[in-house]
Amino acid sequence: MSNGLRTRHSEDMRRLAADLFDRGHGYMSAATILGIPKNTVEKWYCTHRAFGLEGLLIMGAKHSKYTYEQKLAAVRAVVDDGVKYADAMAAYGIASLGPLQAWCRAYRKGGAEALRPKPKGRPRGSAAKPRELTREQELEIRVRKLEAENAYLKKLGALRAEETLRTGSKPRW
């Protein structure tokens, strides 16, 4: 069923779907005939309408990057002008239905600014800056370390004494 890392259905299955689309079937009837979820076939249908068989066969082969202006124009066509997804995909060269739907949701929720590219990674200077310790705080930290070391050495001595009592001879460690 899988012929690549990102494709779930074979190229043959997409060819069969394209043949059904060419014969006048919609995505619902094609999904029923092929036994594939209707959401998957709906994406194939939009891609087939926008780019034809070639576009359907290369689905998922590469990731496309779209400019802010391209995203905004496509989304405004769909949301504001009522253009169908498939027609907007064809007009603006968008290869997949998923990103276009996500852009439309973001546009409805946050406007045009929601489509602007976000900076990647952690912002500069976001790491906590080490603060200067007072002399009292430095001494307190040193006391805690020495107390922990002292407790460790006491426990080691107790374990050695216990081993001596149990075996009758001094432990080698």
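**Helix packing**

Helix 2 passes helix 3 in a right-handed crossing. A crossing counts as right-handed if the near helix is turned clockwise from the far one by less than a right angle, and left-handed if anticlockwise. Helices here are DSSP runs (H or I, at least four residues), numbered from the N terminus.

Before going on, this is a predicted model, where local features need pLDDT of at least 70 and side-chain atom pairs count only at pLDDT 80 or more, while totals for chains, interfaces and linings use all residues. Residues are numbered from 1 along each chain as its sequence is written, and side-chain values use heavy atoms, with hydrogens and water left out.

Back to the first pair. The axes of helix 2 (residues 27–34) and helix 3 come within 9 Å and cross at roughly 125°. That makes helix 2 oblique to helix 3. On the terms: axes are lines fitted to C-alpha atoms, for helices over the stretch in contact, with angles from 0 to 180 degrees between N-to-C directions. Angles under 35 degrees are roughly parallel, over 145 roughly antiparallel, 65 to 115 roughly perpendicular, and the rest oblique.

Which residues make the contact of helix 2 with helix 3? From helix 2 they are Tyr27, Met28, Ala30 and Ala31, and from helix 3 they are Lys38, Val41, Glu42 and Tyr45. Contact means heavy atoms within 4.5 Å.

Helix 3 (residues 38–57) also meets helix 5 (residues 85–92), their axes coming within 8 Å and crossing at roughly 40°. So helix 3 is oblique to helix 5. This crossing of helix 3 and helix 5 is right-handed. On the helix 3 side are Cys46, Thr47, Arg49, Ala50 and Phe51; on the helix 5 side are Ala86, Asp87, Met89 and Ala90.

Helix 3 also holds His48. Is His48 buried or exposed? His48 is buried, with a relative accessible area of 12%; buried means under 20%, exposed over 50%, partly exposed in between (1.4 Å probe, protein chains only). Apart from neighbours within four places in sequence, His48 contacts Ala18, Phe21, Asp22, Leu53 and Leu56.

Next, helix 4. Its buried residues are Tyr68, Lys71, Leu72, Ala74, Val75, Ala77 and Val78. Those buried residues of helix 4 pack against helix 5 and helix 6 (97–110).

Last, just after helix 7, Gly168 takes a positive phi of about 85°. Questions, please.

Terms used:
Helix = DSSP H or I, 4+ residues; strand = E, 2+ residues; numbered from the N terminus.
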